[in-house]
Amino acid sequence: MRHPKVLTTSLAATLGLGLAAALGVPTASAAAVASGAAPTGFAAYEGSAEDARATKAFHEAVMKSVAKKRAANPGAAAVTVVYSASNAPSFRTQISRSTQIWNSSVVNVRLVEGSNPDFRYYEGNDSRGSYASTDGHGNGYIFLDYRQNQQYNSTRVTAHETGHVLGLPDHYSGPCSELMSGGGPGTSCQNAQPNAQERSRVDQLWRNGLATAFKGF
C-alpha cells in the first residue's frame, strides 16, 4: 500500500496501495523479510502513472499460469486461481477472508489455496508497504507489510492486493466504498468489499481474457 511517487525499474512490475506515505503515516524503515522471504529481483514500483501497466502485467502473468494448467485439463468447468499462504502465516485469517470476499463477489474466477500455486502471499517489513508483483514469467506474489496492516484495516489491505491479481488497478482518489481506492480514504475506512463496478470488471476480465491467455499453450 504505497504512495504515488517515482518509478524504479528492473525486470519486474510491482503494485501497491499507496497508503502510509501518501497520508503522512510512517512506514517500516527498511525491507527486512525473514526466512521464507519474498523473492528478490522484483522492481520497487511507486509511480501512479504506471499503475495500469503494472496491474496488467501481474494479472496476465497469473492468467497465463492458470491457462497453462487448464490446457492440461481442458474439461475444468471454472477458472480456478491457486494461491499459497504458507509464507504469510500471520495473515492466514485475512487471506482467507479476502479470498472468500472475492469468491462470493464474482462468478468467472475462483481463488483456492493449494499446491502448484499461480501466486503466493508473503509477509514482512517493507518501507514500500504492501504490494503485488510479478517478474512477467508467471511468477507472482503479494507482499503484506506488518506495520501497514496494523494502521489500516488488514482485510481491506489484503482484499485490495488480491484485486490486483484479478486485474484491477489502483484508484487512490476513489471513495471508501471502492476497494481499489486503497489508502486514499484514510485509516478510518473499514470497507473490504469490492463495489458493483469492480465486481463486474473482474468478471469481464476473466470471461474475455482467458482465451487470449490460452494462446501458445
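User: Which residues does Val81 touch, not counting those up to four places away in sequence?
Analyst: This is a predicted model, in which local features need pLDDT of at least 70 and side-chain atom pairs count only at pLDDT 80 or more, while totals for chains, interfaces and linings use all residues. Residues are numbered from 1 along each chain as its sequence is written, and side-chain values use heavy atoms, with hydrogens and water left out. A contact means heavy atoms within 4.5 Å. Leaving out residues up to four places away in sequence, Val81 touches Val62, Val66, Val109, Arg110, Leu111, Val112, Asp118, Phe119, Val165 and Trp206.

User: Which residues touch the most other members of the largest nonpolar core?
Analyst: A nonpolar core is a set of buried Ala, Val, Leu, Ile, Met, Phe, Trp, Tyr and Cys residues joined through side-chain atoms within 4.5 Å. Buried means under 20% relative accessible area, exposed over 50%, and partly exposed in between (1.4 Å probe, protein chains only). The largest core has 31 residues, and those touching the most other members are Val81, Trp102, Phe119 and Trp206.

User: Which element gives the largest share of this core?
Analyst: Helices (H or I, at least four residues) and strands (E, at least two) are DSSP runs, numbered from the N terminus. At least two core residues come from each of α1 (51-71), β2, α2 (92-105), β4, β6, α4 (154-165) and α5 (196-208). The largest share is four residues, and the element supplying them is α1.

User: What is the order of helices and strands along the sequence?
Analyst: The protein has six helices and six strands. Read along the sequence, they follow the pattern β-α-β-α-β-β-β-β-α-α-α-α.

User: Which strands pair with β4 in the parallel sense?
Analyst: Two strands pair if DSSP finds at least two bridges between them. Strand β4 (residues 119-124) has five of its six residues buried. Three bridges join it to β2 (residues 80-87), with Ser84 opposite Arg120, and five bridges join it to β6 (residues 140-145), with Gly124 opposite Asp145. The parallel partners named here are β2 and β6.

User: What is the phi value of Asn116 near?
Analyst: Asn116 lies in the loop between β3 (110-113) and β4. The residue is exposed, with a relative accessible area of 54%. Its phi is positive although it is not glycine, with a value near 50°.

User: How many residues apart in sequence are the parts tied together by Cys176 and Cys189?
Analyst: A disulfide is a pair of cysteine sulfur atoms within 2.5 Å, and Cys176 and Cys189 form one with S to S at 2.0 Å. The link is right-handed, with 85° about the S-S bond. Both cysteines lie in the loop between α4 and α5, so the pair ties together parts whose separation is 13 residues.

User: Which residue forms a salt bridge with Arg92?
Analyst: Side chains of opposite charge can pair when their charged atoms come close. A salt bridge is a side-chain nitrogen of Lys or Arg within 4 Å of a carboxyl oxygen of Asp or Glu, and the count comes to one. Arg92 in helix α2 is 21 residues from its partner in strand β3. The closest N and O atoms are 2.9 Å apart, and the partner is Glu113.
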